[in-house]
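I opened this notebook page to record a look at the backbone. The entries follow in the order in which I made them.

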Amino acid sequence: MDLTVTIAGVKFPSCLMNASGALCVTAEELTGLGRSRSGAIVTKSMTVEPREGNPEPRYHPFAGGSINSMGLPNLGYRAYAELIPALKQFGKPLIASVAGLCEDDFPAIAKVINGAAPDLIEVNLSCPNIPGKPQIGYDAEASERLIKRVRPLITVPMGVKLPPYFDPAHHELMGSVIARCGVDFLNLINSVGNGLFVNPDNETVVIKPKGGFGGLGGTIIKPVALANVRAFYKYFKGRMPIIGTGGVVQGVDAFEHLLCGASAVQVGTALVEEGVQVFARLEKELAACLEQRGYKSAEDCRGKLKEL
Ligand code: SIN
C-alpha cells in the first residue's frame, strides 16, 4: 500500500509521524524517530532559552486519553538548529516546531531555524500550558500579526499548529486569517486545552501545574480533531494541506483523519504510551483499512468523507 504523501511540495515516506511533544525533545529521542518508521521527525516546540518545563507530575495517561501540562520543556532553538543537519541524514522530512513565550520570540527563532534548513517549519500558536500565557490561536488579531511577522523570514514551507475550535464562526475567522497570511499547511489540532482530570479515590487532581488543568489528548479528543480537520478542509476547498493530530491510536483513526481531509496524521499519546514501534503497527493497520475499502494509496481517500 502506498502511504507516501506530499505536503507543500515535500515528499513524506509515510503519512504517519510523531506529534510535536511526543518523544522528540532530546537528541536521543529525535534520533530514535529518525531510525523509526515515522514518516518525519517533528521536533518539540522550541523556545528561545532551554526550558525544564512545568513541575512534575505533568503527564497522566488514563483510559481513553491523557492530560499533560509539560510547559514546553525543550533544549532551546540554538541546540535544535545545531541538530538539524545530522537529523536530515535520516532521509525523511524534518519539521521544526517553533513556539515562544512572547510575540518577539517567534521571529527571532524562525530566522535562525530557517537558516538551519529544516524541510518545513510549524509555528505553534496553541500551547495551553504556560501559566499566564493564553493560547495565541484563540486571538485572531494576534495570530495574524504574528504569522505576518514570521512569514517573510521563512523560506521553507510554513505551517501553523492551531488549537481546537468549537464553533463554525471560529473556523471561518481563523480560516480567513490563514488565507491572508501565506500559510502553506495546517496542523490540526493541538491538545484540547485546560481540561481537568480528577482522581476520585484520593480526591485529587492528577497533574501538578495550573491546579491540575492541562491539555487533553488521545481517543477522547478524536471527534474534536476530526471536526477541525473537516471544517478547515472544506473552508479551503481541499487546497490547504492539513496534518491531522488527535486521537490516532489505531490505523482506523488515521483513516478517519484522511477521510475528513488530512494529508497526513501525527501521533501523540499513543507514541508516548507505546514507543516508536507504534508506527509499524499503525502502518500495517492503516494499510489493511485502505486495502479492505479498495483504495490504492493514502492520498486516494483524502477528503472522501460522505455526508448524509
Ligand atoms: C507543552 O509542552 O506543554 C505542550 C506543548 C503544546 O501543547 O504545544
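**Backbone entries**

I note that the model is a predicted one.

I then looked up the backbone angle at Ala8. Its phi is positive, at about 50°, although Ala8 is not a glycine. I located Ala8 in the loop that runs between strand 1 (5–7) and strand 2 (10–12).

I next turned to Lys210. Here, too, I recorded a positive phi, near 50°, in a residue other than glycine. Lys210 lies in the loop between strand 13 (204–205) and strand 14 (213–217).

I went on to the peptide bonds. Which form does the bond from Glu56 to Pro57 take? I found it to be cis, and I noted an omega near 0°. I placed Pro57 in the loop between strand 4 (41–42) and strand 5 (59–62).

I also looked up the bond from Leu188 to Ile189. This peptide bond is cis, and its omega is near 15°. As for position, I found Ile189 in the loop that connects strand 10 (185–188) with strand 11 (192–196).

Note on methods. Residues are numbered from 1 along each chain as its sequence is written. This is a predicted model: local features need pLDDT of at least 70, side-chain atom pairs count only at pLDDT 80 or more; totals for chains, interfaces and linings use all residues. Side-chain values use heavy atoms; hydrogens and water are left out. Helices (H or I, at least four residues) and strands (E, at least two) are DSSP runs, numbered from the N terminus.
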